[in-house]
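Here is a short report on two residues and their surroundings. Please keep the sequence and the structure at hand.

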Amino acid sequence: MDCVFCKIVDGDIPSDTIYEDDQIIAFKDLDPQAPIHFLVIPKKHITSLATLEDSDSALIAHIMKSIKRLAEEKGLESYRVVTNIGEDGGQSVPHLHFHVLGGRSFNWPPG
């Protein structure tokens, strides 16, 4: 599979990892859009939220709890969590990932 995030999971591409366990990896975004901007991805290849299976429920809960903990560790009281689905939704890497952005104010709608 030619997936850049799978290559990061496999250690073939380096990342600025901030957290890793047996299910997920979190790393700083290469093109940060906020003072704090990191990605949280499952190690299992899942294309997007649109392709989730019922068996992925515990993994998604683990990701969300990990995002909460990592944001707290970074001192974030307010932050944004974003996942893009499909090309028109802005998804550039076809591997489920959550952007966590903080350290500045955000507008709505996002763009």
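The text below takes a histidine and then a tyrosine.

This is a predicted model. The unreviewed UniProt entry annotates His97 as "active site". The residue sits in the loop that links strand 4 (79–82) to strand 5 (98–102). Histidine 97 counts as buried because its relative accessibility is 5%, and buried means under 20%.

What does histidine 97 touch, leaving aside residues up to four places away in sequence? Its contacts are Phe5, Leu39, Val40, Ile41, Val82, Thr83 and Gln91.

Now to tyrosine 79. This residue belongs to strand 4. Tyrosine 79 has a relative accessible area of 32%, so it is partly exposed.

The table sets out the accessibility of both residues.

| Residue | Relative accessible area | Class |
|---|---|---|
| Histidine 97 | 5% | buried |
| Tyrosine 79 | 32% | partly exposed |

Definitions and conventions. Residues numbered from 1 in each chain as written. Predicted model: local features only at pLDDT ≥ 70, side-chain atom pairs only at ≥ 80, totals over all residues. Heavy atoms only, no water. UniProt positions renumbered as here; feature names shortened; annotations may be inferred. Helix = DSSP H or I, 4+ residues; strand = E, 2+ residues; numbered from the N terminus. Buried < 20%, exposed > 50% of the residue type's maximum accessible area, 1.4 Å probe, protein only. Contact = heavy atoms within 4.5 Å.
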